[in-house]
Number of protein chains: 4
Amino acid sequence: MLLQQYSSIRRHSETICKPLEIEDYVVQPIADVSPPKWHLGHTTWFFETFILKPNFKGYEEYNPKYNFVFNSYYESVGARVVRTDRGNLSRPSVTDVYRYRAYVDEQMEAFLQSDSIADDVAALLELGLNHEQQHQELLYSDIKYILGHNPLFPVYSTNNVFNESITPSTDFIDVQRGVYQIGYNGNGFCFDNELGRHNVYLDDFEIAANPVTNAEYLLFIKDGGYTNFRHWHSEGWDWVRQNAAQAPLYWHFIDGMWMHYTLNGLHEVDPNSAVCHINFYEASAFASWKGMRLPTEAEWEVASGLFNWGDRWEWTNSAYLAYPGFKKEAGAIGEYNGKFMVSQMVLRGASVATPPGHSRNTYRNFFHPRHQWQFTGIRLVK
Amino acid sequence: MLLQQYSSIRRHSETICKPLEIEDYVVQPIADVSPPKWHLGHTTWFFETFILKPNFKGYEEYNPKYNFVFNSYYESVGARVVRTDRGNLSRPSVTDVYRYRAYVDEQMEAFLQSDSIADDVAALLELGLNHEQQHQELLYSDIKYILGHNPLFPVYSTNNVFNESITPSTDFIDVQRGVYQIGYNGNGFCFDNELGRHNVYLDDFEIAANPVTNAEYLLFIKDGGYTNFRHWHSEGWDWVRQNAAQAPLYWHFIDGMWMHYTLNGLHEVDPNSAVCHINFYEASAFASWKGMRLPTEAEWEVASGLFNWGDRWEWTNSAYLAYPGFKKEAGAIGEYNGKFMVSQMVLRGASVATPPGHSRNTYRNFFHPRHQWQFTGIRLVK
Amino acid sequence: MLLQQYSSIRRHSETICKPLEIEDYVVQPIADVSPPKWHLGHTTWFFETFILKPNFKGYEEYNPKYNFVFNSYYESVGARVVRTDRGNLSRPSVTDVYRYRAYVDEQMEAFLQSDSIADDVAALLELGLNHEQQHQELLYSDIKYILGHNPLFPVYSTNNVFNESITPSTDFIDVQRGVYQIGYNGNGFCFDNELGRHNVYLDDFEIAANPVTNAEYLLFIKDGGYTNFRHWHSEGWDWVRQNAAQAPLYWHFIDGMWMHYTLNGLHEVDPNSAVCHINFYEASAFASWKGMRLPTEAEWEVASGLFNWGDRWEWTNSAYLAYPGFKKEAGAIGEYNGKFMVSQMVLRGASVATPPGHSRNTYRNFFHPRHQWQFTGIRLVK
Amino acid sequence: MLLQQYSSIRRHSETICKPLEIEDYVVQPIADVSPPKWHLGHTTWFFETFILKPNFKGYEEYNPKYNFVFNSYYESVGARVVRTDRGNLSRPSVTDVYRYRAYVDEQMEAFLQSDSIADDVAALLELGLNHEQQHQELLYSDIKYILGHNPLFPVYSTNNVFNESITPSTDFIDVQRGVYQIGYNGNGFCFDNELGRHNVYLDDFEIAANPVTNAEYLLFIKDGGYTNFRHWHSEGWDWVRQNAAQAPLYWHFIDGMWMHYTLNGLHEVDPNSAVCHINFYEASAFASWKGMRLPTEAEWEVASGLFNWGDRWEWTNSAYLAYPGFKKEAGAIGEYNGKFMVSQMVLRGASVATPPGHSRNTYRNFFHPRHQWQFTGIRLVK
């Protein structure tokens, strides 16, 4: 079972990369976007470093220098290539990275067929698989950024890449005040930052049944949303001016019409899809313009059973901080989440790019408020 | 009464500056530190712009160009000198700024003696006075930075500048779980960000009766606190390395002894005072090293009746965000607080530099997590 | 005689600063502009460090920390305040700096009255006096920058500060090809970089009898000089775009008219004065637009007897490099000139701000090509 | 003949790239280093833009968007990808670039077989071929940088890539004072910056028969050359400190031994080869340490018949400036050389990476003084 799950998840990463040219695997147009071959190598390094090397007797490391190349941010596991430099590395080649994957997969499969996997190793394995799924979503975001910032606007696929499920609606759902519980308490997998189910007190609120659409967002643009400082955080307004921002990422005003780049190429903006690729500043300014606000993550989680979600990561007005009783895990794995708990905002839900089986209503995604390159959207509260 | 309060607060700003040389009023060693003469002019500009010009018939603006020089961040009130450029302006001279103050004070006194002050103007006046008090604390912080970063280490005063009230103790106070209320609900003045008294649910916690002392902080330093990434946020660890940080701001290791610069000059670190001038990263790393944590702002406020506070602004683990039901005021005053509600952490309490009468247990101070130059300290929770 | 010269030159620096407010002595709006009090202290430090301390028995250093504050770029003489930080230092105060001058002057006068000054010390003294004269010109440039970049445009003096001697003319002077000699060979003072009189071969050339006037430069502006890349060096064109340059420094287009800031305040541009405060890129672009070129420093020096010069430092098309046979002096004084012989262009002549008695036709002034803040102009060659 | 020359030169660029992996064609580790596929595309774009489009009737542009991607610095020919962004472009793919080359080559061959090539077009063609040869040398420099900065130190070739011709010697050659002529005056091709053969006067000098070897440079390192500011320009000393420089580029001190990366991989430094990959600051500091100096470009050219050259580009102490009588060509081609004549130093000779047939003793190569990544060396003068 574990073996099958392992193989299936590992294959999915490669499927995502199938439409790429070799060259697309290599570049890093901004620090936040990693080269696809780096994602493929880094997720592999995770299994090699945390599962095989400490637990599989006789395992021979594929290449000791790969630790330096494919470590992301684990201080405990030694020196690493500075993040902004990943795009300078032409080697290991894409072929080498796939060979590395094949080698580690073969060893992992042998390991998983062995008699008994200790519980703590099984837990690490599950973490590794969820980690790879996180990178699958990053692969989509990063590939879109790489292709969408090329002057030739290459098409990733001529097939429909994502299924969107939104039916526009302007309904709001009432939630009554009271003490609620949030945080994970199931038996399955969750990240450490979801643990510590705890009470929160919420006041009455109404939450939108649907995310904001492109049509609604266009009204904000047309009403001068990007030129009126009143709707923006001070930091957001600085961002608008420094970047001459005037629309979501990937939108281009061409011959009097708003077009946007998608993985299917450059197309007219679809008024009925949920707005996508906006940062926290934009989400918040839009809400202010509407005279509403963003939900807190507690509000979102409590109400999440009452609406459909999953097309866009939805910005909340909650900073990414520890839940009461949060405990870092020992060792390198303890660096997974806790050390990022400052200066970031929580996003809830999931997106069209999230792999199947990788979403929960307790999932706490987080990014710096300036980031647009994820599949992010807005759900309003009033 | 109002008149007397006005005069007394206005005089206090000038008293703080009395020990300065003319030159000390002018410089801006880092963007966050404003020249003292700018503080004196800016607080005056506030009364001129928001009280006198719109409300005092026949008022003649002192100098129309001063709006450009002394506006801080009010987009609604026109162009302003970029914050990092304040220290490039030798004019208006210190004498001119004091003349400007005298002129505005004279007019304000005339205005306040007139028959009747409308309620909304009285509210603005109260805001202006609290605003000036905030700048009084900044004057202390900024003067300390200016003198404390001069290679001659000039002495601000040979008298004791601040009275500290700490009696070291390692007691912790128990608080029981339950729904509590936080936020301002008195009849006096408060800032808009304190409003919206609301319920919060808190779990059991124990909070320290006293802030962390220099002696305790020294143990952290000696135990390698600044060289062990495990205690730090990722962003904090970057800060440590980029700044080669190894102690609180103003600490110098001289001839085998830890000295620190105070407004009384360079002296040996006092083991029994509360540690001061540490940023959120340091506060948080210290707590992690102790196996404890920082309080949330709700915990702090709920427990605040049970301990002494007021010597140090105490970092909480709460991000600075809107309370439920927060409403921005209309007009320029609406820019006072709301637009900063992102990427900052809340500090609670007050410090030795806070003017008398300017503290409340609902007061929400906020700074970016990297800032050390305020009179900040640590209170632990376990 | 030496004593009289010493006193007279030292007094002149103070005369230049007389119209300043205390505050004007302190600021450093850009790295290239030093605070006037720093100039006053640094020139004093030169005499104390190189004359008094090594040569005057029993001399007591005024304040050992001043070496750190007032050293400019002499690596041999210990640590120094980073250049961009000079404007952060409120202390020593202006009064302290004048006290330091008075102390050193008193000691210097005592020293100069003593029996006999060794030849090498006399040479250092002469260097120190020329050094102070160089800083007198910098005082004018830096004061102009400080006041001219203040939004209040303060007037330095209501008297005419400089006498300009230009009578517009479009004459060109012929010089015949041949081997000429350049470099200093008199008996008076010169800098080490002028030494090594040597042969150069020059082709025929014609050199303008007068520098380019504001009227001529305005034609360049009106003809789109700042918007046509063809006239500019690649590096110059980058400079134009990054700075949105469209006129010389201190020029402002106000209500349809070109005004410029002078030490007498903001006035209409005088069409008949020589254009001033342009950098090498601008000088060179102007020459290209005219279909002419800038002189080499050898051409300038050879022809210098045939025209009037001294109102503007004239950009040449010669890079600042060693003359054949150039030798660095031993010790700290060897750092005076040689170590700057890369990436700078030579200017010849002198300017209205050059102190009397401080000009020679062999004088090699040098600045980076981007600098505008000196009293620089253009002389054409065809 | 022209056709044969065209084909042979075009093939050579591709031969240089033959050992590369696809990924190596794509990256741009620093702004100065361009991706190899960009070189291949840009040289092709040159022929398409300047020869085919204006002169070959019926020529159909390969892809109009390529102008944007492959223009380097020709302002006259429209917008272009910002230089630091070249490494962000995964498309056009390497295959596409080779297709582009094949298409343009086919068209060029058809064009060159047509009846008569006008003289001005023939001149442009010759320029285009020399331009491609310049990029062949850049291909070597850039490939070396890309592979040499990869933590895996990939080997470009296991065959000897370059033939070095140096026989170490400490001889110096005397040249007598007098008026000499420099500049090109042959009948073949030269760049516009070599034209204007003119007289120069030179004093007596002695010039080394050979470039400085690694063994000699090691003595400089061992004698503390990189830690003694006295040998360095001020700007060079800043460079040393900012980069913690302690040896030429590509040198690594490993297990007590100096190794260097070459296109054959990481090897022990050969004491008998000419030192390579040093910048002007290093060349100049080395000369100062030896008590000697670098030649001027006139000295180099005049003496060039008396020694062997061609293994290293040799830094001169001449800034890159126009020769007397220099004239920019009309049109885009006029941007080729003239606009770079500021802030750069001249290098003379050629290097092992220079293509055969692409060197002349009048050739004026030029780079900013900080650059190390070319095949640069030192020849001393005393």
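Colleague: How does chain C get laid on chain B?

Modeller: With a turn of 180 degrees and a shift of 0.1 Å along the axis, chain C goes onto chain B at an RMSD of 0.0 Å. The superposition is by least squares on the C-alpha atoms of residues with pLDDT of at least 70 in both copies. In chain C, the C-alpha nearest that axis belongs to C:Glu23, 3.0 Å from it.

Colleague: What should I know about the model before I go on?

Modeller: It's a predicted model, with local features needing pLDDT of at least 70 and side-chain atom pairs counting only at pLDDT 80 or more, while totals for chains, interfaces and linings use all residues; side-chain values use heavy atoms, with hydrogens and water left out. Residues are numbered from 1 along each chain as its sequence is written, and chains are lettered from A and ligands numbered from 1 in the order in which they are written.

Colleague: Back to C and B. Through which surface do the copies meet?

Modeller: 100% of the interface residues of chain C are also interface residues in chain B, so the copies meet through the same surface. Contact here means heavy atoms within 4.5 Å.

Colleague: And what takes chain A onto chain D?

Modeller: A turn of 180 degrees and a shift of 0.1 Å along the axis, again with an RMSD of 0.0 Å. The two copies are therefore related as by a two-fold rotation axis. A:Glu23 has the C-alpha nearest the axis in chain A, 3.0 Å from it. The same surface serves both copies, since 100% of the contact residues of chain A recur in chain D.

Colleague: How far apart are the nearest C-alpha atoms of chain A and chain C?

Modeller: They're 14 Å apart, and those two chains do not touch. No contact joins chain B and chain D either, and their closest C-alpha atoms lie 14 Å apart.

Colleague: Switching to sheets. What's the strand order in the open sheet of chain C?

Modeller: The order is 10-9-8-11, four strands with mixed pairing. Strand 10 and strand 11 (376-377) of chain C stand at the edges, each with a single partner strand, so one side of each is left without a neighbour in the sheet. Helices (H or I, at least four residues) and strands (E, at least two) are DSSP runs, numbered from the N terminus, and two strands pair if DSSP finds at least two bridges between them.

Colleague: Which strands of chain C pair in the parallel sense?

Modeller: Strand 8 and strand 11 of chain C, over 2 bridges. C:Trp313 has C:Thr376 in strand 11 as its bridge partner, and C:Trp313 also stands opposite C:Gly349 in strand 9 of chain C.

Colleague: So what's the pairing of strand 8 and strand 9 of chain C?

Modeller: Antiparallel: strand 8 (residues 313-319) and strand 9 of chain C share 4 bridges. Strand 9 also pairs with strand 10 (residues 365-367) of chain C in the antiparallel sense, over 3 bridges, and there C:Leu347 is partnered with C:Asn365.

Colleague: Is strand 9 of chain C mostly covered or mostly open?

Modeller: Mostly covered: 5 of its 5 residues are buried. Buried means under 20% relative accessible area, exposed over 50%, and partly exposed in between (1.4 Å probe, protein chains only).

Colleague: How many residues of helix 8 of chain B are buried?

Modeller: 8 of its 10 residues (280-289). Among them are B:Phe280, B:Tyr281 and B:Phe286. The buried residues of helix 8 pack against helix 6 (214-222), helix 7 (234-243), strand 8 (313-319) and strand 9 of chain B.

Colleague: Staying in chain B, where is B:Pro356 found?

Modeller: In the loop between strand 9 (345-349) and strand 10 (365-367) of chain B. B:Pro356 counts as exposed because its relative accessibility is 69%. Its C-alpha is separated by 21 Å from that of B:Asn264, 92 residues apart along the chain.

Colleague: Last one: at what angle do helix 2 and helix 4 of chain D cross?

Modeller: Roughly 30 degrees, for helix 2 (residues 36-55) and helix 4 (residues 94-113) of chain D, with the axes coming within 9 Å. That makes helix 2 of chain D roughly parallel to helix 4 of chain D. Angles under 35 degrees count as roughly parallel, over 145 as roughly antiparallel, 65 to 115 as roughly perpendicular and the rest as oblique. Axes are lines fitted to C-alpha atoms, for helices over the stretch in contact, and angles run from 0 to 180 degrees between N-to-C directions.
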